[in-house]
Amino acid sequence: MNTLTIFKRELTSYFTQPTAYAIVIIFGLLSTLLAFTIGNFWAIADASLHGSFFRYHPLLLMILVPAVSMRQWADEHYTGTIELLGTFPVRLGSAIIGKFLASAVIWALALALTFPMIWTVNHLGDPDNWTIFSGYLGSFLVCLTFLAVTTLVSSFTRDQVVALIASVAICCILTILGWDPVINEIRRSGSDFAVEAMTKIGIYSHFFDATLGRISFSSLIYLFGLITVCLVGTNLALRSQRA
Amino acid sequence: MIEVSDLTKRFGTKVAVDDLSFSVKKGEVLGFLGPNGAGKSTTMRMVTGFLPVTAGNVEICGISMIDNPKEAKRKIGYLPESAPLYNDMTVIGFLKFCASMRGLSGSAKRSAVEKSIETCFLQSVARQSIGTLSKGYRHRTCLAQSLLHDPEVLVLDEPTDGLDPNQKLEVRKLIKNLGKEKAILFSTHILEEVTAACTRAVIVDQGVIVADGTPEDLTSQGKGSLYDLFHKVTTSETPAA
């Protein structure tokens with residue numbers, strides 16, 4: 001019940017400010033633009049959207065997700081409203097989940113608004129829509145992971161800019177660790193263990209499998225594990241700051 | 001209704017509240033006085049369950065804040081020191097949100113919001129964005145959220161801070177009236193408020209109670225001046241600036 005109340009407040013708050021609108025539009029425009037330019041959508045005839053469209057999502061999301069959610073807890077600290085929340089008869093976990101879900105809805109909406117891409121490939125040919133759906137699911141999981149990282153980081157500071165910079169840095173590391181050009185460079189240096197570790201820790205390989213329609217159980221465990229660790233960490237961080 | 005026993009709060013090696021004990025009964029308005037940094041807000045944050053205690057106990061209407069915080073918090077209305085609010089909401093939207101958080105719904109929620117708007121004279125700004133409100137209205141909006149669920153206990157941290165003289169008078173009258181039916185703990189820097197609104201007052205210095213009594217008792221202890229008593233008991237151990 002309280003989770004729902006906080007969820008509604010947060011969601012309304014996103015729509016009363018221009019930031020969420022701006023970022024949803026920017027994501028839609030940039031992801032489409034990248035697909036038709038450096039993604040070579042026409043040249044590679046990419047019906048699954050794997051190589052032209054989804055490929056660049058983590059690179060956009062690692063910056064845009066923290067930009068939407070940097071204020072999540074930083075603003076509560078800054079305005080002092082955390083004191084109100086802390087004296088309402090609710091569990092802190094309800095507030096964390098409510099805020100997290102509201103941000104998740106914003107990203108579900110941002111992804112949904114790229115539907116013209118699905119319409120385009122279906123208009124041009126006969127794509128495997130399950131693979132496209134799997135790609136969207138992979139993108140959404142990346143959003144949730146970056147969102148959880150931002151939630152955790154914003155619980156440590158009252159400064160939104162600090163929350164943004166630190167969250168982008170962590171999301172950037174998580175993305176780059178598994179990114180093909182970086183992995184290939186490490187492979188050339190001959191360290192198989194490093195390649196293995198980076199592929200497992202970085203989110204790119206997990207995401208890439210999803211865009212090919214192969215979401216593995218271990219990828220789901222890893223991403224949901226990371227999300228859970230961040231949200232539990234947020235709870236512990238907020239509690240410890242009061243002690 | 002409020003039973004505070006042997007309450008202690010340490011931040012690292014600093015002792016903010018040192019073995020503090022007091023109680024507030026129904027129909028009593030307890031003024032919590034003290035210089036800046038005396039431990040007033042820290043005590044109030046522990047009483048309301050925002051800060052965990054280092055040692056001691058807080059009971060609200062017989063419910064321990066340490067063992068059963070969720071139930072104890074239901075009994076309290078709290079106005080924090082800086083009157084924090086969500087600036088992106090309207091006054092009525094904020095009060096509806098707080099009422100929902102307090103477990104109110106349907107017609108009970110509607111009437112609670114209407115009543116608190118009326119009690120705190122917020123009718124003219126009810127649909128206005130909080131971000132555009134003056135300090136006085138912000139304070140009253142935060143006070144209104146503390147009254148929504150008609151709590152048995154009110155904890156008000158400097159409720160008249162930032163208000164103009166007329167608003168101060170109104171809020172003091174409101175506290176006095178509410179105090180007939182509730183137990184109220186409120187902190188202030190303004191000594192006149194003790195005689196204007198309190199049935200009893202304690203003076204806190206460096207986390208310890210240094211004076212306790214009715215406004216009349218305290219005034220006579222200060223040989224006719226509450227200010228003299230405050231000056232005497234709170235500056236004795238404070239190094240000169």
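Predicted model: local features only at pLDDT ≥ 70, side-chain atom pairs only at ≥ 80, totals over all residues.
Two strands pair if DSSP finds at least two bridges between them, and strands (E, at least two residues), like helices (H or I, at least four), are DSSP runs numbered from the N terminus. Residues are numbered from 1 along each chain as its sequence is written, while chains are lettered from A and ligands numbered from 1 in the order in which they are written.

**Exercise 1.** Find the bridge partner of Thr8(B) in E4(B), and describe how E1(B) pairs with E4(B).

*Solution.* Begin with the strands: E1(B) and E4(B), the latter covering residues 55–60, pair in the antiparallel sense over five bridges. Within E4(B), Thr8(B) has Ala55(B) as its bridge partner.

**Exercise 2.** Describe how E1(B) and E2(B) are joined.

*Solution.* E1(B) (residues 2–11) and E2(B) (residues 14–24) run antiparallel and are joined by seven bridges. Next, locate Ile2(B), which stands opposite Val24(B) in E2(B). Finally, turn to the hairpin, where two residues lie between the strands and Gly12(B) takes a positive phi near 65°.

**Exercise 3.** State which elements of chain B supply at least two residues each to the side that touches chain A.

*Solution.* Start from the contact (C-beta atoms, placed from the backbone, within 7 Å), in which 20 residues of chain B meet 18 residues of chain A. Helix H2 (69–74), strand E6 (76–79) and helix H3 (91–101) of chain B each supply at least two residues of that side of chain B.

How values were computed: Contact = placed C-beta atoms within 7 Å.
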